[in-house]
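This report concerns one protein model and is meant to be read beside its sequence and coordinates.

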Amino acid sequence: TSGFKGSRVNFQDLLYQEKALPGVENANGDQRPTGVYVGLGTRVSGTQVNFAQGATIPTGREYDVAIQGDGFFRVGVEDDRSEGGIAYTRLGALARNSDGELTIAGTEGRLLDPSITIPDDATGFQVQADGTVWVSSNNAPATQIGQIQLASFVNPQGLKQIGENLFGETAASGNPITGFPSDEGFGSIAQRQLEASNVDPTLELISLIRTQRAFEMNSQTIRAADDTLRAVAQLRS
């Protein structure tokens, strides 16, 4: 999926059953150097989106643009989906609707913000590295009709995922910092290219195999413990 960003799941341990405190003295006045704690498992503590740059893939389509560096495209959404009715995405597959406005290609037809409208008589379309949009018609000189605006965040990990390759602002992400491509702190625009997913299938497959082996090992450990307890119970009987 173009513009897709992978995630990492973080875990943390749960409460422990305290069987013996460290530092407790015995009858001889000796202190226990370590304690005895029995863990009660783990739980998911959070998920982190990996916003590392994905590879840029040439498409040859004039309405495809990719951000090379930091920043998000601004997209209009419903007010209840994201603060101020603006969401953010790395997907640069643009399309032109019936009114000539640039949208994110998809079933919803989300408009870029600020809106850029292409004249009906335009025959040429070009986006510069600084996000300026130029159109030409017949043999007339190219004219600038707008400039793509980008946004960045102090903590992009705090953005919420709202679907459609879109992210929404939260208190954790901080307020958006807006600017234009090639400005300080923002990437440049590459036309006729799309940013690919940053998920590496090879690494994900290796991770899946490691997880499967760890699960099998834990299953065998539990089975061995059950067999031991069964043998102890039979001895007592």
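## Basis of the model

The model is predicted: local features require pLDDT of at least 70 and side-chain atom pairs count only at pLDDT 80 or more, whereas totals for chains, interfaces and linings use all residues. Residues are numbered from 1 along each chain as its sequence is written, and side-chain values use heavy atoms, with hydrogens and water left out.

## Salt bridges

The model contains 9 salt bridges, the term denoting a side-chain nitrogen of Lys or Arg within 4 Å of a carboxyl oxygen of Asp or Glu. One of them joins Arg61 and Asp64, with 2.9 Å from N to O. Asp64 is buried, at 5% relative accessible area, while Arg61 is partly exposed at 35% (buried is under 20%, exposed over 50%, partly exposed in between, with a 1.4 Å probe and protein chains only).

Asp113 is paired with Arg74, their closest N and O atoms lying 2.5 Å apart. This pair links distant parts of the chain, 39 residues apart: Arg74 belongs to strand E7 (residues 72-76), and Asp113 to the loop between strand E11 (110-111) and E12. Strands (E, at least two residues) and helices (H or I, at least four) are DSSP runs numbered from the N terminus. Arg74 is buried, with a relative accessible area of 12%, whereas Asp113 is partly exposed at 26%. A further bridge connects Glu164 with Arg81, at 2.8 Å between the closest N and O atoms. Its partners are 83 residues apart, Glu164 in the loop between strand E16 (160-163) and strand E17 (166-168), Arg81 in the loop between E7 and strand E8 (86-89). Through shared partners, salt bridges join Glu78, Arg81, Arg110 and Glu164 into one network.

## Cavity and pockets

On a 1 Å grid over the protein atoms alone, a cavity is a set of points where a 1.4 Å probe fits but cannot get out; a pocket is an open set with protein on both sides within 12 Å along at least five of seven lines, and lining residues have an atom within 4 Å of a point. Grid points are joined across faces, edges and corners, and a volume is the space filled by probe spheres set on the points. The structure holds 1 cavity of 30 Å³ or more. Among the residues lining the largest cavity are Arg74 and Asp113, together with Gln147 and Ile148.

The largest pocket has a volume of about 290 Å³. Of its 13 lining residues, Gly6, Ser7, Arg8, Asn50 and Glu204 lie nearest the centre. Strand E1 (7-13), strand E4 (42-49) and helix H1 (201-236) each give two or more residues to this lining, and the largest share, 3 residues, comes from H1. The second largest pocket has a volume of about 170 Å³, and its lining includes Lys5, Phe51, Arg90 and Pro156.

## Gly131

Gly131 lies in the loop between strand E12 (124-127) and strand E13 (132-136) and is buried, with a relative accessible area of 0%. Beyond its neighbours within four places in sequence, Gly131 is in contact (heavy atoms within 4.5 Å) with Gly146, Gln147, Ile148, Pro181 and Ile189.
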